[in-house]
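Work through the following exercises with the coordinates open beside you, and try each task before reading its solution.

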Amino acid sequence: TTNRRGLARRATRLLRDRGFDVVEIGNVQPTIDTTIVLDLSGHPEWAEAAAKVMAPARTRARRDSSRYLDVTVLIGRTWRPPAEPLYP
């Protein structure tokens, strides 16, 4: 939900490094300020774990039994990825 190039790719790497299985990335509208992690499967602790990685982020419950996903992360424009290590 942001116009910043490469932000979804950086978030994908971060989440995968922390053990999350990211299956798809893309853009949605409208843009939002704060990152939101949607709990789709009724496991709020999983959404909280993803929100902790994507801090500052909020969680919301939005049950969706038609999808095979547990959480969806909507990256807000205020999210800043952690600095990447420099490997010369």
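**Exercise 1.** Determine which residues of helix H2 (residues 44-53) are buried, and on what part of the helix they lie.

*Solution.* Begin with burial, taken as under 20% relative accessible area with a 1.4 Å probe and protein chains only: in H2, Ala 47, Ala 50 and Ala 51 are buried. Then look down the axis of H2, where the buried residues fall within an arc of 100° (the arc of the directions from the helix axis to the C-beta atoms), so they line one face of the helix. Finally, ask what covers them: the cover includes strands S1 (35-39), S2 (57-61) and S3 (71-74). Helices (H or I, at least four residues) and strands (E, at least two) are DSSP runs numbered from the N terminus. This is a predicted model, in which local features need pLDDT of at least 70 and side-chain atom pairs count only at pLDDT 80 or more, while totals for chains, interfaces and linings use all residues. Residues are numbered from 1 along each chain as its sequence is written, and side-chain values use heavy atoms, with hydrogens and water left out.

**Exercise 2.** Describe the surroundings of S1 and its pairing with S2 and S3.

*Solution.* S1 is mostly covered, five of its five residues being buried; Thr 35, Val 37 and Asp 39 point one way, whereas Ile 36 and Leu 38 point the other way. For pairing, which requires that DSSP find at least two bridges between two strands, S1 and S2 run parallel and are joined by five bridges, with Val 37 standing opposite Thr 59 in S2. The chain crosses from S1 through H2 to S2 in a right-handed β-α-β crossover (with the strands pointing away from the viewer, the path from the first strand over the helix to the second runs clockwise). S1 and S3, by contrast, run antiparallel and share four bridges, and Ile 36 has Leu 74 in S3 as its bridge partner.

Terms used: Buried means under 20% relative accessible area, exposed over 50%, partly exposed in between (1.4 Å probe, protein chains only). Contact means heavy atoms within 4.5 Å.
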